[in-house]
Amino acid sequence: MSNISYYSPEGLKKLKDELVHLEQVERPRVTQEISDARDKGDLSENAEYHAAKEEQSHLETKIAKLKNVIANARILDESQLDTSKILIHSNVKIKNTTNGMEFSYRLVADSETDVRNGKLSVNSPIGKGLLGKKVGDIAEIQVPNGIMKFEILEISR
């Protein structure tokens, strides 16, 4: 089953750069560690060998998952998107109706999420609750602490 995810050009480049690093730097390093541990003799009681093999297994799993994400990634042409409602890659300004605090976020794919820098996953509870809303709408979003209400103040690209 493929999960199509939409990325900015920078976000997709970051994923591809990570894959290159894993394949060209980390994989040879782990292979060398296995070789060095194998040269130390009896493999049945060689903790270094078993640790290196386990690390190799984790690395190969990570590489396979990353390849799958990249294969199902699409770059979003933001110029074709409707700016009247919140979609992926929308910049939104919202206000918590309970305490009046305002927040600005950009809705992005999971792997681009960086809340400290204002990038919120479209698959997070708040991201899902904002999708499709328009300026002036009140989004009632179920979060672990209950229901939060946000007023949509602004939408841009």
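This is a predicted model: local features need pLDDT of at least 70, side-chain atom pairs count only at pLDDT 80 or more; totals for chains, interfaces and linings use all residues.

Visitor: Okay. Which domains does UniProt place on the chain?
Guide: An unreviewed UniProt entry places "domain: Transcription elongation factor GreA/GreB N-terminal" at residues 6-75, and the UniProt annotation "domain: Transcription elongation factor GreA/GreB C-terminal", also from an unreviewed entry, covers residues 83-156.

Visitor: How much helix and strand is there in residues 6-75?
Guide: That span is 79% helix and 7% strand, and its end C-alpha atoms lie 6 Å apart.

Visitor: And what about residues 83-156?
Guide: There the chain is 8% helix and 45% strand, with the end C-alpha atoms 6 Å apart.

Visitor: Let's look at a helix, then. How far apart are the end C-alpha atoms of α2, and what should the span be?
Guide: Helix α2 takes in residues 47-71, which is 25 residues, and at 1.5 Å a residue these should span 36 Å.

Visitor: Which residues of α2 are buried?
Guide: In α2 the buried residues are Y49, A52, L59, I63, L66 and I70, and what covers the buried residues of this helix includes α1 (9-38) and β2 (73-75).

Visitor: What happens at the start of α2?
Guide: At that start, a side-chain oxygen of N46 reaches to within 3.2 Å of the backbone nitrogen of E48.

Visitor: New topic: which residues touch the most other members in the largest nonpolar core?
Guide: That core has 17 residues, and I86, V92, I94, I126, L130, I141 and I152 touch the most other members. The elements giving two or more residues to this core are β3 (91-96), β4 (102-108), α3 (125-130), β6 (138-143) and β7 (146-156). Apart from this core lies another one, of 16 residues, among them Y7, L15, V30 and A109.

Visitor: What does I94 touch?
Guide: Not counting residues up to four places away in sequence, I94 touches M101, E102, F103, Y105, L130, F150, E151, I152 and L153.

Visitor: How many aromatic pairs are there?
Guide: The count comes to one aromatic pair. This pair is formed by F103 and Y105, and it is stacked, with 6.2 Å centre to centre and 15° between the planes.

Visitor: Are those two buried or exposed?
Guide: F103 counts as partly exposed because its relative accessibility is 26%, whereas Y105 counts as buried because its relative accessibility is 16%, and the cut-off for buried is under 20%.

Visitor: Where is K93, and what is it in contact with?
Guide: K93 lies in strand β3 and is partly exposed, with a relative accessible area of 29%. Leaving aside neighbours within four places in sequence, K93 is in contact with E102, F103, S104, E151, I152, L153 and E154. The C-alpha atoms of K93 and R106 are separated by 8.9 Å, and these residues are 13 residues apart along the chain.

Visitor: Now I138. What does that one touch?
Guide: I138 is found in strand β6 and, leaving out residues up to four places away in sequence, touches T97, K133, K149, F150 and E151. At 42% relative accessibility, I138 counts as partly exposed.

Visitor: Some loops, please. Where is V115, and what is it in contact with?
Guide: V115 sits in the loop between β4 and β5 (119-121), where it is partly exposed with a relative accessible area of 48%. Setting aside neighbours within four places in sequence, V115 is in contact with Y105 and L120.

Visitor: One last thing: what is the phi of H89?
Guide: Phi of H89 is near 75°, a positive value in a residue other than glycine. Most residues other than glycine have a negative phi. H89 is placed in the loop between β2 and β3, and it is buried, with a relative accessible area of 0%.

Methods. Residues are numbered from 1 along each chain as its sequence is written. Side-chain values use heavy atoms; hydrogens and water are left out. Helices (H or I, at least four residues) and strands (E, at least two) are DSSP runs, numbered from the N terminus. The expected span of a helix is 1.5 Å times one less than its number of residues. Buried means under 20% relative accessible area, exposed over 50%, partly exposed in between (1.4 Å probe, protein chains only). Contact means heavy atoms within 4.5 Å. A polar contact is a pair of N or O atoms within 3.5 Å; within protein, one must be able to donate a hydrogen and the other to accept it, and residues adjacent in sequence count only if both atoms are side-chain atoms. UniProt positions are given in the numbering used here, feature names are shortened, and annotations may be inferred rather than shown by experiment. A nonpolar core is a set of buried Ala, Val, Leu, Ile, Met, Phe, Trp, Tyr and Cys residues joined through side-chain atoms within 4.5 Å. Rings of Phe, Tyr and Trp (its six-membered ring) pair if their centres lie within 6.5 Å; planes under 30 degrees apart count as stacked, over 60 as edge-to-face and the rest as tilted.
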